[in-house]
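Good morning, colleagues. Please look at the sequence and the model as they come up.

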Amino acid sequence: MSFASISASLHKIGNPSYVPQLKRYFKHGSDSYTSPTEVFLGIKLPQLRTLADSYLRSSTTDLVALSGVLSEVIAEEVHEFKLFGVLALDLLYKHPQKYLPDSSAEDTRAWAHELYMDCLEFYTNWDIIDSSCIRLVGEHLATVEREALEACKTTHSLDVHLPAWFRDLIHSRQFWHVRVAIVSQLGVVSEPELVPVACDILKMILIIVNEKEEFLIGERVFRDKTLLYKPIGWVLRDIRKRNSAQHSNFMSTNLELIGKSGKFKRLLY
């Protein structure tokens with residue numbers, strides 16, 4: 001399946017009457033996190049996931065060709081094109097042998113992760129990130145980069161042992177890059193022994209988010225940090241479900257840091 005056929009399929013299932021609802025939901029506008037230039041076709045996520053599955057089952061096993069098509073799709077300005085692309089990568093990471101039986105699972109996952117990271121600049125909204133980064137970043141971090149995380153756990157020296165590509169996400173001025181770093185921790189805390197490392201990572205992110213007055217979305221300055229504090233709260237609540245003692249320790253030892261989040265403090269509980 002080519003870029004042209006994917007484009008035709010997406011436009012075919014688009015529902016123009018659903019577009020105004022999506023624009024309201026994503027707060028489409030010049031002062032919002034959603035750029036006024038972002039285009040919507042009016043397609044729901046389950047439809048996109050079904051179409052991505054169909055595409056992968058009928059596509060070439062040539063990773064080079066697949067990279068070219070998915071990169072082109074993700075780079076499009078249309079919201080659902082980007083979402084389709086990352087959902088396809090997420091499916092490939094989750095079921096590598098189902099879609100690419102002639103390639104090893106390890107190679108397919110490494111390729112999917114690399115392509116996902118190469119396309120970071122094109123992720124323009126939270127749903128694109130949240131539907132894909134838990135596996136493509138978080139699970140990758142917890143497995144492929146396991147040795148580095150174990151070193152972080154032992155030494156608490158994140159700036160020394162965290163992989164450079166992940167440190168770059170945490171320290172990025174780009175708003176959505178930081179959200180990728182945060183939401184991906186849901187993939188790390190799914191490994192119980194890595195919960196302490198995730199807590200250290202959250203602490204580092206919280207310090208940075210508290211200190212920065214503004215971020216960038218593309219070239220636009222953006223100052224509302226709600227969509228960063230909110231997923232930090234999600235990860236903390238997931239930690240509480242998995243390891244209540246670790247959660248209690250984090251909250252009690254970081255009271256001052258949490259307090260510095262100001263009006264966003266409520267999102268962390």
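Let me begin with the cysteines: across the whole structure, the search returns 0 disulfides. Please bear in mind that this is a predicted model. Cysteine 119 takes part in no disulfide, and the nearest cysteine sulfur, which belongs to cysteine 133, lies 15 Å away.

For the sulfur of cysteine 152, the closest cysteine sulfur is in cysteine 199, at 13 Å. A disulfide requires the two sulfur atoms to be within 2.5 Å, and the 13 Å separation is therefore too far for a bond. With a relative accessibility of 0%, cysteine 152 also counts as buried.

I turn now to the chain as a whole. How many helices and strands does the protein chain contain? There are 18 helices and 2 strands. The radius of gyration is 19 Å, whereas the globule rule gives 18 Å for 269 residues; these values are close, so the chain is as compact as a globular protein of that length. Along the principal axes, the C-alpha atoms fill a box of roughly 55 × 45 × 30 Å.

Of the 269 residues in the protein chain, 54% are buried. If we consider contacts with a separation of 6 or more, 68% of them are accounted for by residues 24 or more positions apart.

As for the surface, the protein chain exposes about 12200 Å², and carbon and sulfur atoms supply 52% of that area.

Where in the chain is leucine 115 found? It is found in helix 7, which covers residues 105–118. Is leucine 115 buried or exposed? Its relative accessible area is 7%, and the residue is therefore buried, the cut-off being under 20%. Leaving aside residues up to four places away in sequence, leucine 115 touches Ser67, Leu70, Ser71, Leu89 and Tyr123. Glutamine 185 lies 70 residues from leucine 115 along the chain, and the C-alpha atoms of the two are separated by 20 Å.

Thank you for your attention.

Definitions and conventions
Residues are numbered from 1 along each chain as its sequence is written. This is a predicted model: local features need pLDDT of at least 70, side-chain atom pairs count only at pLDDT 80 or more; totals for chains, interfaces and linings use all residues. Side-chain values use heavy atoms; hydrogens and water are left out. Helices (H or I, at least four residues) and strands (E, at least two) are DSSP runs, numbered from the N terminus. The radius of gyration is taken over C-alpha atoms; the globule rule is 2.2 Å times the number of residues to the power 0.38. Buried means under 20% relative accessible area, exposed over 50%, partly exposed in between (1.4 Å probe, protein chains only). Contact means heavy atoms within 4.5 Å. Accessible areas come from the Shrake-Rupley method with a 1.4 Å probe; for residues, only the protein chains shown count as cover.
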